[in-house]
Amino acid sequence: MAPVPGPVTGPGTGSAPEAAGGRANQKIRTRRAIVDACRELVRSGADVTMPEVARRALVSEATAYRYFPDLVSLLRETIDGLWPTPAETLQPVAASRDPVERVGFACEFLLRGVLSYQGAVRAMISGTVTRPGLARSRPGIRFGLIDYALAPFEHAPGLDLAQLKRDLAVAVSAEALFTLTDLCGLSPDEAIASAVRMAASVTSAAFAKADAHDHEGFSTA
């Protein structure tokens, strides 16, 4: 009677589940390498492009695009975790009940961060301006900071908080900073100071209007 063959061993004879697991692990490593390379580029403040990310990750550009269909989606995943939370950001003014101080602090923090990561920020803006459908995928860091800065005043009498937040979204923004530096020719520090003054003025005017409205209502009651 012929002997029963034993299990076949040797190179290339791993089980299908093992091979699938190996491929899955390799995909995880490749994705991580792409994100890490992009994060390194973002932190440098340099221009962020998919070819440069691929070069640093030691993969082809085609491979990078297989994992991330566009630069915006890669930047969104990369930027996540680079910025502190709004609560952490505003910790130095946490006890303040002055809305102008809180908003001004948030504005300056955001814009200095934009300067540090401006290569990535410019790439994100460029990618969403040319493809408006991706605009909602932008991180929207400004909105979290504005919300947190104004949180103590949610029930302030007569204050149109929604309108104030919309107005501040224009002042507390990378677009405002780049307008002041690129088109107005201001230095980064001058541009930040100008944006902070604008945010402070908008905030002060909104609260002054609310106060006047409250006093008017009291006088006619």
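User: How many helices and how many strands does the protein chain have?
Analyst: This is a predicted model, in which local features need pLDDT of at least 70, side-chain atom pairs count only at pLDDT 80 or more, and totals for chains, interfaces and linings use all residues. Residues are numbered from 1 along each chain as its sequence is written, and side-chain values use heavy atoms, with hydrogens and water left out. Helices (H or I, at least four residues) and strands (E, at least two) are DSSP runs, numbered from the N terminus. On that basis the protein chain has eleven helices and zero strands.

User: What share of the residues in the protein chain is buried?
Analyst: A residue is buried under 20% relative accessible area, exposed over 50% and partly exposed in between (1.4 Å probe, protein chains only). Of the 221 residues in the protein chain, the buried share is 36%.

User: Which residues form one aromatic cluster?
Analyst: Rings of Phe, Tyr and Trp (its six-membered ring) pair if their centres lie within 6.5 Å; planes under 30 degrees apart are stacked, over 60 edge-to-face and the rest tilted. A search of the whole structure finds three aromatic pairs. One of them joins Trp 83 and Phe 109 edge-to-face, at 6.2 Å centre to centre with 65 degrees between the planes. The members of the cluster are Trp 83, Phe 109 and Tyr 117.

User: How many residues apart in sequence are the parts that Trp 83 and Tyr 117 tie together?
Analyst: Trp 83 and Tyr 117 form an edge-to-face pair, 5.8 Å centre to centre and 75 degrees between the planes. Trp 83 belongs to the loop between H4 and H5, and Tyr 117 to the loop between H6 and helix H7 (118-129), so the pair links parts whose separation in sequence is 34 residues.

User: Is Tyr 117 buried or exposed?
Analyst: Phe 109, at 29% relative accessibility, counts as partly exposed. Trp 83 has a relative accessible area of 15% and is buried. Tyr 117, with a relative accessibility of 17%, counts as buried.

User: Which ring does the charged end of Arg 122 sit over?
Analyst: A charge sits over a ring if NZ of Lys or CZ of Arg is within 6 Å of the ring centre and within 35 degrees of the ring normal. For Arg 122 the distance to the ring centre is 3.9 Å, and the ring is that of Phe 178.

User: Which residues of H8 meet H6?
Analyst: The axes of H6 and helix H8 (residues 141-150) come within 9 Å and cross at roughly 160 degrees, so the two helices are roughly antiparallel. Contact means heavy atoms within 4.5 Å. On the H6 side are Arg 102, Val 103, Ala 106 and Leu 110; on the H8 side are Ile 141, Arg 142, Leu 145, Tyr 148, Ala 149 and Leu 150.

User: What is the phi of Leu 58?
Analyst: Most residues other than glycine have a negative phi. Leu 58 lies in the loop between helix H2 (50-57) and helix H3 (61-67) and, at 77% relative accessibility, counts as exposed. Although Leu 58 is not a glycine, its phi is positive, at about 65 degrees.

Key
Axes fitted to C-alpha atoms, helices over the stretch in contact; angles between N-to-C directions. Parallel < 35°, antiparallel > 145°, perpendicular 65-115°, else oblique.
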